[in-house]
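Colleague: Could you walk me through this model? I have some questions about how the chains are put together.

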Amino acid sequence: MSSMIDSAKRIVEMALKKGAEEAEVFIMKSDGRGFTIEKNSVSSIAGGIEKGIGIRIIKDKKLGFAYCTEEKKADSALEQAISLSKLGNESEFTLPEPDKIKKIENLYDDRIVSYDDEDALEGTTTMINSALEVDSEIVITRGGVGYGSESFAVVNSKGLEMEDAGTEIYASVSAVLKKNGMSTGFEKFSSRTLDIDYHAIGRECANLALKGQNARKIEDKEMTVIFTPYALANLLEFITAPAMYGEAVHKGESVYTGRIGEQVASEDITIIDDGMLAGGLNSALVDDEGVPSKRTELIKKGILQGFLYSQSSAIEFNEQNTGNAMRAERFGSSRNYKSPPGVKARNIVIEGKTVKAENLIKEVDEGVLVYEILGAHTSNPASGDFSVTSPILFKIEKGEFAYPIKSAMLSGNFHECLKKVEGVGDDHKLVSGGLTPISFYIPSLSLGKVRVTG
Amino acid sequence: MGDFLEEAILDEGIKKGATYCDIRIGKVRRTSLEVKDGELKKASSGEEEGAGVRVLYNGVWGFFTINEISKDSLKTALRNALDMAKSGSSVARERVKIGPGETIKDNIRWKPKIDPFDVPIERKYKILAEMDSAIHEIEGVHTVTTAYSDGTIYTHFLNSEGSDIQAEITRTLAQVNLVAREGAKVIGYRGRVGGTCGFELFDMFDPVEKGVKVGESAVRVLKAKRSPSGRFPVVTDHDLTGVFVHEALGHATEGDIVTSGDSILEGQIGNKIAADNITIIDDSTLKNAFGSYPYDDEGVKGKRKILIQDGVLEGFILNRETAHKLGMESNGGARAESFAARPLVRMSNTYIDKGDYNFEEIFEDIKYGIYAKGTRGGEVDTAKGSFQFSAQEAFLIEKGEITTPLKDVSLSGMTLQILRNIDAVGNDLALGDPGFCGKGQLVPVGDGGPHIRIKEAAVG
């Protein structure tokens, strides 16, 4: 039995002694390193060990939550949780029962735990050099490498005792090339196992910057847009995912309210939320309430199938718990013991009949290929309307790459765009969320008619 | 901690070869509540504490954070920070240096008039309950989620140059996220009041009034026509001017962006980059503003920084490292999300200073344009200077008059073009809604300005 489980059990006992009917303790510990690159050089290395405890109690059928950083402060946190619980409304909420878990592959890699500072430094150097080999005038302005492990335990008074640990390594680089005008490039990588190719990351980033040279302006027009996985993830994170949350659906806040069984997207795509995705960036044995992770079909061949629930929304709306309880702050990309559980998508996966990603443009008479978008978080999640700026995009004419574009605005309705899928690439990538823990395993998608303003 | 433990750690850092060393000990106490459609959904409270130790060794930073404050843990943090910086310095191509810093000893508390800690939780809840029921009165508003939070942030900063600063500040915030619905049409909206102050926030800003305004504008937008897209003259209100200046200029003036070669403003100091009537300021000393702080996270006093004066780029936002690289002086721009993160260069409260146009004059010359109000945020690519920002609602301007309501719009532009395109600046300076700015770490910021007129911007 681990020390985290032991500690959590002691705090649960304490809560029951103080008169709580039910109690749940979440303990989290993370240990990581981050290497910062500025202007072609490593400038800073940061690391740390963080741990904390989140306590949820039910007393007189009312919920209270408090947190602290050490077990010796749990007593005072419990008092706070109990005092807060007096404020609330009585509810039918009850903590989840223990349930069977299934093993998930590729979430933990000992090689990441024992990864050395020297290894990571060699990696950052390789990344920078590989970019400079593409063009010596490239500047890797910003970027970095990070790796670490995170473990968590959930114990509740119903006898649930779960724990899991995971590892992750990530890298990112941004480049500027000032030659024939200025162009920029970027590349990112994230994985739960040590399969990072630093050379490829640096080279891809530099190639994108090089490809963006001699950019032109374009005319305002409606056209096909191919979103690469990073740009697509942004839109899915802020528009599609929130529309799939059970509570939003039941409260009529989502465009998908009352539409199960309806065709809401092109029959060429299937969208799944998979908390059990092997190697998924947001996969774990259980969610943040200790409920076994699940695979939930959201849209199957265009038909709306189901929504995402945590314990509280499953009880409130009499639905199946889909294992989507996540503890995160409103705009926090990492999980966090300080926040009570809310609902978040886990790994959003898009499947469909794929074509080679480089062939997607062949089907496009006139369109743009978009690598990066700015401002997806300003989209209206309820309506699906988006209006974003792309600083890295390319014009496609008659099935061929035509020229890089300086910058353009793209606007449309993303729910409508998903109905007009013109092609699904075979370039599935693991992408982590920008302002939430939601992660993705998605390809490039070619989507019909978006307004492009040059 | 006492017993001069921190000083001993700093001494040891220097003895082991660091050229500079600092410790930030933090204690943060927070309470938050969330009410949805009259029902309390979340009630949370807690305290976190910990420390971050930072060293500069042979031109590379090492930083290590812990959330247990003891002699052993601080020693471990120091050792790790040193080891990391040492290994980093073996491959670094450039050496970080820091500019001179003043040795400061201070113990400061921005004491709130009404300490939220002394306010009964029922009163905090009542704020949300009142917002909730008032907003629900508006026809067309479908669901209402309100949230309250307060936080008291204590920081003890010590460095190897003898600075020893204790500072405590309090921030209070209330916000609403609402959904308006008509048939199949749904939209979501947000509004906030907040400040670096205590519960007196609600004597200065009425959260109910704010919530009702947001609700009314959401319902108006629901029924509104789609905005024309293309290039038009645009007038922005306080909120939108704020997010515009934050995205279009602010980020590109952050010292670390400039020195890493990622800013379009690199090498532009002294150059005319904006219209004559434009003065832009970042001020971390503004009383009660959400992005204010007494000292930055390197122990440098917060300052009022002139970024653009009468159209000329005068300065950047700097920490000690970037100040040294640029041959300037730190102006207190180093901010970390918490003790657990290393400080980066960040904005505080950023605004366009007031001009001399009154409200009507700004509109009177516009034959056909867009009046955009409220903000849903924005984002920028500082290297290219291309940015996007979004309004909550808009109106058509026809022959100088504000006419038809339009759906929410987004605007986009290129920094160096659009700053020259501002041809009227209002005399009605105000800060907009408080916000949070994400740059890997999330920090509270304020932004604002008067109504301004942009000759031409892309609207979509």
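Predicted model: local features only at pLDDT ≥ 70, side-chain atom pairs only at ≥ 80, totals over all residues.

Colleague: What percentage of the 454 residues of chain A count as buried?

Modeller: Residues are numbered from 1 along each chain as its sequence is written, while chains are lettered from A and ligands numbered from 1 in the order in which they are written. A residue is buried if 20 or more other C-beta atoms, placed from the backbone, lie within 10 Å of its own, exposed if 12 or fewer, and partly exposed in between. For chain A, with its 454 residues, the buried share is 60%.

Colleague: How many helices and strands are there in chain A?

Modeller: Helices (H or I, at least four residues) and strands (E, at least two) are DSSP runs, numbered from the N terminus. In chain A, that gives nine helices and 22 strands.

Colleague: Why is chain A as compact as a globular protein of that length?

Modeller: The radius of gyration is taken over C-alpha atoms, and the globule rule is 2.2 Å times the number of residues to the power 0.38. For 454 residues the rule gives 22 Å, and chain A is close to that, so it is as compact as a globular protein of that length, with a radius of gyration of 23 Å.

Colleague: In what order do the six strands of the open sheet in chain A come?

Modeller: Two strands pair if DSSP finds at least two bridges between them. The pairing in this sheet is mixed, and the order in chain A is β10-β9-β8-β13-β21-β20. Each edge strand pairs on one side only, and these edges are β10 (303–304) and β20 of chain A.

Colleague: Which residue of β13(A) is the bridge partner of I269(A)?

Modeller: Strand β8 (residues 269–274) of chain A runs antiparallel to β13(A), joined by five bridges. On the β13(A) side, the partner of I269(A) is G352(A).

Colleague: At about what angle to β21(A) does helix α6 of chain A run?

Modeller: β20(A) and strand β21 (residues 439–442) of chain A pair in the antiparallel sense over four bridges, with L430(A) bridging to Y441(A). Axes are lines fitted to C-alpha atoms, for helices over the stretch in contact, and angles run from 0 to 180 degrees between N-to-C directions. Helix α6 (residues 229–243) lies across β13 (347–352), β20 and β21 of chain A, and its angle to β21(A) is about 125°.

Colleague: Which residues does H428(A) touch, not counting those up to four places away in sequence?

Modeller: H428(A) sits in the loop between β19 (421–425) and β20 (429–432) of chain A, and counts as partly exposed because it has 18 C-beta neighbours inside 10 Å. Two residues are in contact if their C-beta atoms, placed from the backbone, lie within 7 Å. Beyond its sequence neighbours, H428(A) touches Y441(A), I442(A) and P443(A).

Colleague: Is T415(B) buried or exposed?

Modeller: T415(B) lies in helix α10 (residues 415–418) of chain B. Apart from neighbours within four places in sequence, its contacts include A248(B), L249(B) and F387(B). Since T415(B) has 24 C-beta neighbours inside 10 Å, it counts as buried.

Colleague: How many residues does the contact take from chain B and from chain A?

Modeller: Across the contact, three bridges join strand β3 (residues 62–68) of chain A to β2(B), and these two run parallel; Y67(A) stands opposite G46(B) there. The contact takes 70 residues from chain B and 66 residues from chain A. On the side of chain B that touches chain A, the largest share comes from strand β2 (residues 39–57) of chain B, with eleven residues.
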